[in-house]
Amino acid sequence: MVTEETRMRVNGSLLSQHSGRPVVILGTVQKVDPSGMMVSLKASDDQVIQVKLQQPVQENIEGVMEVHGMSQGRQVLCQSYVTFPQESYANFDMGSYDEAVKLIHSVSGNPWKND
Amino acid sequence: MWNSNGDGYGGQSEGGFMTGDSQFDSPASKEQARGRKVQNLVPMTLRSIQECGEEGLQVAGTEVHMAVVVGLIRAVDVTSTKVTYTLDDTTAVMDVVQWIESDNGPEDGGRSNLMEMTYCRAAGTMRTHQGKRHLMAFQITPVTDLNVITNHVLSVIHAGLKLQQIQTLQQSSGIGGPATSSTMPNSLVGAGGLGGSMGLGGGSGYSGGGGGMQGLSGQQNMVYQVIHQCPDEAGVSRNAIHGNLTGKISQKQIDEVLDFLSSEGHIYTTIDDDHFKSTDG
């Protein structure tokens, strides 16, 4: 489950630029497919992406979710995910998070960058 | 202390400043003093920690005493003496070890909140055991606010850039001076020095022209300078000092400073209790 490889934090538009590479994407759960194998996630830049799960979810997923997986363009193949208790994201500033994600990609040589 | 990286930097500057002082006292012990005196707390990624050499943690050429990391707990292993958290911060996976203090009794010190697949924030020093690197944690706390993750992402980027800037400034100011490579690794001295002199800017700038008194605070120096610069034999009156420093220091504070300067012997009263002259000229 745990990849030793560095994953880059991405938002919706950066996800497709990282196709085939390991990523972390955080967003708000829009809806869970009845099959339990697919989740629509509104990423930090408000783009809606699809999360493909490898096993059907057993629990009720809602609120903010962070997905660790492989980018497949507009989709991400989930290797693991984290959900958070409501009180931990009640004051979460999604806009600031998105700016931070963009800085990871724009500031050259920063420690989060995978190169 | 942990909730603000600004504080971390403040501590770092002070620590560096003190290191500088002690080195000034005994330049011969410079080499031995190196490293152990650094007391700073720098946000880092786990990969940066793994990529550091065996000599210790470094960010942009600056020695780091303690690293702050934020990551996802992938596994928890509890033994009777220690708890090992396998932390994943997206750049790498590393064990963070917390030793259990026996005097804590049956309490788990909030450990029950540090579960698998939850985020935590840890501060600790780097250790290598049997060829495997880990972080020895002095504090691990659960992340109960997602903004902590954003904050950590930004703090790591900022710390790298800031320390790089300090390094660059130090190198450019060292040109032509006696600065050798042996002073470079101890760059926190420089960092502290820079921070310190910037912080003092207000006070020392004011006193720069007239030869400020050592050991006086900014306000005390300002009042002292007003008195020192007065050529009048009778000294300068309390009202004139108030007027001179209007908007800079409140009258009440000026009166307190005057009492202090009198009792310390820097100034004395002349024709009455409300006229002052400085003792050295």
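A polar contact is a pair of N or O atoms within 3.5 Å; within protein, one must be able to donate a hydrogen and the other to accept it. The legends below describe a predicted model.

**View 1. Polar and charged contacts between chain B and chain A.** By the criterion above, 13 residue pairs, both members at pLDDT 80 or more, are in polar contact between the two chains. One salt bridge is counted between chain B and chain A. In this salt bridge Asp88(B) is paired with Arg7(A), with 2.8 Å between the closest N and O atoms.

**View 2. The side of chain B that touches chain A.** The contact involves 25 residues from chain B and 32 residues from chain A. About 2400 Å² is buried between the chains, 63% of it from carbon and sulfur atoms. Within chain B, the residues that lose the most area to chain A are Thr90(B), Leu146(B) and Ile157(B), together 26% of what that side buries. At least two residues each come from α3 (46–51), β4 (66–78) and α4 (147–174) of chain B. The largest share, nine residues, belongs to α4(B). By class, this side of chain B comprises 12 nonpolar, eight polar and five charged residues.

**View 3. The largest nonpolar core.** This core has 33 residues, of which Ile25(A), Leu41(A), Val51(A), Val67(A) and Val76(A) touch the most other members. Elements supplying at least two residues each include α1 (12–17) and α3 (94–106) of chain A, as well as β4 of chain B. With four residues, β2(A) gives the most. Among the residues touched by Val67(A) are Val23(A), Val24(A), Cys78(A) and Tyr81(A).

**View 4. A second, separate core.** This core of 27 residues includes Ile49(B), Val59(B), Val69(B) and Ala137(B).

Note on methods:
Residues numbered from 1 in each chain as written. Chains lettered and ligands numbered in written order. Predicted model: local features only at pLDDT ≥ 70, side-chain atom pairs only at ≥ 80, totals over all residues. Heavy atoms only, no water. Contact = heavy atoms within 4.5 Å. Buried area = accessible area lost by both parts, 1.4 Å probe. Salt bridge = Lys/Arg side-chain N within 4 Å of Asp/Glu carboxyl O. Polar contact = N/O pair within 3.5 Å; in protein donor to acceptor, adjacent residues only side chain to side chain. Nonpolar A, V, L, I, M, F, W, Y, C, P; charged D, E, K, R; others polar. Core = buried A, V, L, I, M, F, W, Y, C linked by side-chain atoms within 4.5 Å. Buried < 20%, exposed > 50% of the residue type's maximum accessible area, 1.4 Å probe, protein only. Lists of a residue's contacts leave out its neighbours within four places in sequence.
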